[in-house]
Amino acid sequence: MEGDAFSGLGNGTQVDNKVLQTFQKSFVQVQNILDQNRLLINEINQNHESKMPDNLSRNVGLIRELNNNIRRVVDLYADLSSSFTKSMEVSSEGDSAGTLKSDGKAGQKRIRPG
């Protein structure tokens, strides 16, 4: 996972790597929370099916935990969106100045559509 996925982002490899690391870290966090939510939902369903009062009471706390996890995922995606927007702004600022090709001739970077 070098700079290929987002090769048009940012001004240089250092910015690209920082952006990629931020995205990767956030996506790993999101995936971990979603995995935890899957376990919570399974437990909630089992408790509900059992119809035992203690299990049904436990579901109240499990559902609160599930809701908090969903809020965390929303916050992480909001942060990702903000980071992506900022990286695109930095990229477009760098692109407006143009670049020099290895042969010394001026050229423009082109961002591939996603």
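The count of aromatic pairs here comes to 1. The rule is that rings of Phe, Tyr and Trp (its six-membered ring) pair if their centres lie within 6.5 Å, with planes under 30 degrees apart called stacked, over 60 edge-to-face and the rest tilted. The pair is F23 with F84, and it is tilted, at 6.1 Å centre to centre and 35° between the planes. F23 belongs to helix 1 and F84 to helix 2, so the pair ties together parts that are 61 residues apart in sequence. Helices here are DSSP runs of H or I with at least four residues, strands are runs of E with at least two, and both are numbered from the N terminus.

Before I go on, the conditions. This is a predicted model, where local features need pLDDT of at least 70 and side-chain atom pairs count only at pLDDT 80 or more, while totals for chains, interfaces and linings use all residues. Residues are numbered from 1 along each chain as its sequence is written, and side-chain values use heavy atoms, with hydrogens and water left out.

Buried means under 20% relative accessible area, exposed over 50%, and partly exposed in between, with a 1.4 Å probe and protein chains only. F23 also has its C-alpha atom 8.3 Å from that of S83, 60 residues away along the chain.

S83 brings me to the second largest pocket. Its lining has 10 residues, and K18, V19, S83, K86 and S87 lie nearest the centre. Helix 1 (13-50) and helix 2 (53-96) each supply at least two residues of that lining. By type, the lining divides into 5 nonpolar, 3 polar and 2 charged residues; Ala, Val, Leu, Ile, Met, Phe, Trp, Tyr, Cys and Pro count as nonpolar, Asp, Glu, Lys and Arg as charged, and the others, Gly among them, as polar.

Now the whole chain. What order do the elements run in, from the N terminus on? The order is α-α-β-β, which is to say 2 helices and 2 strands. Of the 114 residues in the protein, 23% are buried. Among contacts (heavy atoms within 4.5 Å) with a separation of 6 or more, 51% join residues 24 or more positions apart.

Note on methods. On a 1 Å grid over the protein atoms alone, a cavity is a set of points where a 1.4 Å probe fits but cannot get out, and a pocket is an open set with protein on both sides within 12 Å along at least five of seven lines; lining residues have an atom within 4 Å of a point.
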